[in-house]
Amino acid sequence: MEDTEEEEEFLALRLAIVASDSCSVDKQRKRKRITRVSLNSSNISPYHHDGCCVSEGKIFRLLQMREQMLKLDHKRKGVVDEDGNNNNKGLHLIHLLLITATAVDENNVSLALENLTELYQTVSLTGDSVQRVVAHFADGLAARLLTRRSPFYEMIMKQPTEEEEFLAFTDLYRVSPYFQLAHFTANQAILEAFEEQIENNNRALHVIDFDVSYGFQWPSLIQSLSEKATNGNRISFRITGFGRSIEELQETENRLVSFSKSFRNLVFEFQGLIRGSRLVNIRKKKHETVAANLVFHLNNLKTSDTLNLVRSIKPTIVTLVEQEGSRSPRNFLSRFMESLHYFAAMFDSLDDCLPQESNKRLSIEKNYLGKEIKSMLNCDESDNGNYDNYYPRYERMETWKARMESHGFGGIKMSSKSLIQAKLLLKIRTHYCPLQFDEENNNNGFKVFERDDGKAISLGWQDRCLLTASAWHCV
């Protein structure tokens, strides 16, 4: 009991550090007001889709309904039928969305336009979770229907600014256990691998992070390592991180270096590399513990090449966290259905984290989750050679397991401490605190459970598995 209380105290401290670290980089900048281009019939000409001329009136009405839906004061209090039950209307929305997706896939432009117009009249970005997720999927279908030749494609697919996306990611990181569970579980496995070699690794840890992003994963590990060190016996922690741009890498380095200065018994170094750079001339200390970190990364790359590269590094441990799914890049309807199931769970889970009227929630849904939805539905097979447009390949844990084993990796049993930590994280971060953590637990809300004989830990929302974390070693 005392051990559990101590674990909870340490976890609460680490969560506080993560929150304060992300807060320190939030910048309150004045934002220019974006004036939306008004829609009028003079802006629209007859639209041709693979030789079929579609009435400009249908397109005009579709865009009008979308424009009206986007107005924040056009709020609907959830989808409610005459008996006060929102389930039937929610199912109707999903059914209509599926019919629309089929029409888009079959190139039935007229039917798709009619259904999308009806959807925009019913959904709302400020309604219940069903309305919200359907609204973003409707946008993705509308953009796919119009194609990139349309002058309105860019209006629907408008990307958030880097600041907006960063703030949305930061808010999601703070309020939901999603990313924190992924990072804390991976970090715990890395920490345990480091501790096992403490007598022979010169107290040096080197993490090669294949997608360092904003660096939010590492403050908690910096703190954990500092707890193992003393001023007279310091620990060396080096990160080699791959990022999207020099600017992002520089910001991440500044953020982590600034944070690490609070821990004088830790020597911290960061080396940033642009994604796609060759992994050569990596500075390695003698006998250091090397960890390869693959968190939300393998789905965006040619998996076989990446795993061969990881194996050539001969790491002590490989941490793998991936979103669970089964989305075929060559089958639009399959990708659509799987994406709908997953994002419906994500939108629904935000009910457990933020009130519907929260501006932070609107930002998360629009600038992070909504962006992912529209990008997923509008990838083309011709884009596969481009890294930024490459199809994310979300697959089941069993598929990843077979792929890892075929490339010479063996699974490592996750420690009981990792599961306890995940349990405490849910207790602190969500409203639901289920007492059982197994696949038979049917409680509402978030849940954690072990899989693959304890070699993986998954986070689920109700009956949907959202992500799975595992650890591997070279065999």
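Mentor: We begin with a term: contact means heavy atoms within 4.5 Å. Helices are DSSP runs of H or I with at least four residues, numbered from the N terminus. The model is predicted; local features need pLDDT of at least 70, side-chain atom pairs count only at pLDDT 80 or more, and totals for chains, interfaces and linings use all residues. Residues are numbered from 1 along each chain as its sequence is written, and side-chain values use heavy atoms, without hydrogens and water.

Trainee: Which residues of α12 meet α13?

Mentor: Phe332, Arg335, Phe336, Ser339, Phe343, Met346 and Phe347 of α12 meet Arg361, Glu365, Leu369, Glu372, Ile373, Met376 and Leu377 of α13.

Trainee: At what angle do α12 and α13 pack?

Mentor: Axes are lines fitted to C-alpha atoms, for helices over the stretch in contact, and angles run from 0 to 180 degrees between N-to-C directions. Helix α12 (residues 332-349) packs against α13 at about 170°, with the axes 10 Å apart. Angles under 35 degrees count as roughly parallel, over 145 as roughly antiparallel, 65 to 115 as roughly perpendicular and the rest as oblique. The two helices α12 and α13 are therefore roughly antiparallel.

Trainee: How do α5 and α13 pack?

Mentor: Helix α5 (residues 129-146) and helix α13 (residues 359-377) pack at about 40°, with their axes 9 Å apart. Therefore α5 and α13 are oblique to each other.

Trainee: How many residues of the protein chain are there, and what percentage is buried?

Mentor: Buried means under 20% relative accessible area, with a 1.4 Å probe and protein chains only. Of the 475 residues in the protein chain, 55% are buried.

Methods. Buried means under 20% relative accessible area, exposed over 50%, partly exposed in between (1.4 Å probe, protein chains only).
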